[in-house]
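Hi there,

Here is the model I promised to pass on. Please have a look at it alongside my notes.

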Amino acid sequence: MVLVLHGGGGEGLNVANTGQHPLSVFRSVADREGFVVVYPGGLPAKDIDGNPGWVDCRADNTVSSGADDVGFLAALIERVSTEYGLTTSRMFMAGGSNGAQMTHAFAFNRADLVAAVATGAGSLPQTPLPGGCTTGPSRPLPILILHGSADIQMPWGGGCVANLGGACNRGRVISAEATRDRWLQINGLTGGTPTRSVVDGNANDGGPANRFDYAGAVPVQWWRLDGAGHTAPSQTVLVSPNPATGIQNRDIEFAEAVWAFFKARLPD
């Protein structure tokens, strides 16, 4: 089972609409590969537009709903896993943007319920909440991390999240590279030399997709999408460039890359 978490302002049902959002591609991958995909929904935020979102590890996010989303997702996993007869070794979570931040938060607090996680365009908080959000997960966890180098909504170099109004009321994050380094430390891979591969099948996007594999008992796979903005990469659900989200990488399919990483973690 793969839980797929929408970003801030999105909804589970909307991002699951086939052909409407890059995260919807998980449905066609699930049909082909035979896994269950679940699209949960976060509650409305406290800001003026009341867009749905997740309460992740940011202590300085003043507009979140305040819900116990770690508890909600844990209860959902336990219910659905019982329904389908699945063990933790077959449970996975992936998310984009705020959904990626929530995936980090869940991994930090309930690593016992998932076998691996994947994040796209979502960094760790500069000021984390106390408890698991600060101390980190109870055990190392395989993770795929993907980020565009020209992302301004979830700034590549760190800073205010989605700071369109200039108030920085959604909190601050550390850089994409610092997020990677934190997970390398968690998984005991600090100082290792990754294997790099480059995918550049589309000359009309911002640049190539660079994959770095940090091998070990608990691996980290890190993707740097050169010139890409905030939109999840896709080869099938194409999003036009715009000032808010930037250029979409079209060299890889986010859902395919994530499932390949998860599939390699399945028990024999």
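First, the ground rules. This is a predicted model, in which local features need pLDDT of at least 70 and side-chain atom pairs count only at pLDDT 80 or more, while totals for chains, interfaces and linings use all residues. Residues are numbered from 1 along each chain as its sequence is written, and side-chain values use heavy atoms, with hydrogens and water left out.

Helices (H or I, at least four residues) and strands (E, at least two) are DSSP runs, numbered from the N terminus. Axes are lines fitted to C-alpha atoms, for helices over the stretch in contact, and angles run from 0 to 180 degrees between N-to-C directions. Angles under 35 degrees count as roughly parallel, over 145 as roughly antiparallel, 65 to 115 as roughly perpendicular and the rest as oblique.

Helix packing

Let's start with helix α2 (residues 25-33) and helix α7 (residues 254-263), whose axes come within 8 Å and cross at roughly 45 degrees. That makes α2 oblique to α7. On the α2 side, the contact (heavy atoms within 4.5 Å) uses Val25, Phe26, Val29, Arg32 and Glu33, and α7 brings Phe254, Ala255, Glu256, Val258, Trp259 and Lys263. By class, this contact of α2 with α7 has 7 nonpolar, no polar and 4 charged residues (Ala, Val, Leu, Ile, Met, Phe, Trp, Tyr, Cys and Pro count as nonpolar, Asp, Glu, Lys and Arg as charged, and the others, Gly among them, as polar).

Next, α3 packs with helix α4 (residues 98-109) at an angle of about 75 degrees, their axes 10 Å apart. The two are therefore roughly perpendicular to each other. Asp69, Val70, Leu73, Ala74 and Ile77 of α3 meet Met102, Ala105, Phe106 and Asn109 of α4.

α4 also has helix α6 (residues 176-186) as a partner: their axes come within 14 Å and cross at roughly 20 degrees. That makes α4 roughly parallel to α6, and their crossing is left-handed. Here His104, Ala107 and Phe108 of α4 contact Thr179, Arg182, Trp183 and Ile186 of α6.

A disulfide

The model has 2 disulfides, counting pairs of cysteine sulfur atoms within 2.5 Å. In one of them, cysteine 57 pairs with cysteine 133, with the sulfur atoms 2.0 Å apart. The torsion about the S-S bond is about -75 degrees, so this disulfide is left-handed. Cysteine 57 lies in the loop between β4 (52-53) and α3 (69-84) and cysteine 133 in helix α5 (residues 132-135), so the pair ties together parts that are 76 residues apart in sequence.

Asparagine 202

Asparagine 202 sits in the loop between β10 (195-199) and β11 (209-214). A polar atom of its side chain lies 2.8 Å from the backbone nitrogen of asparagine 204. Leaving aside residues up to four places away in sequence, asparagine 202 touches Arg250 and Asp251.

Best wishes

How values were computed: A polar contact is a pair of N or O atoms within 3.5 Å; within protein, one must be able to donate a hydrogen and the other to accept it, and residues adjacent in sequence count only if both atoms are side-chain atoms. A crossing is left-handed if the near helix is turned anticlockwise from the far one by less than a right angle, and right-handed if clockwise.
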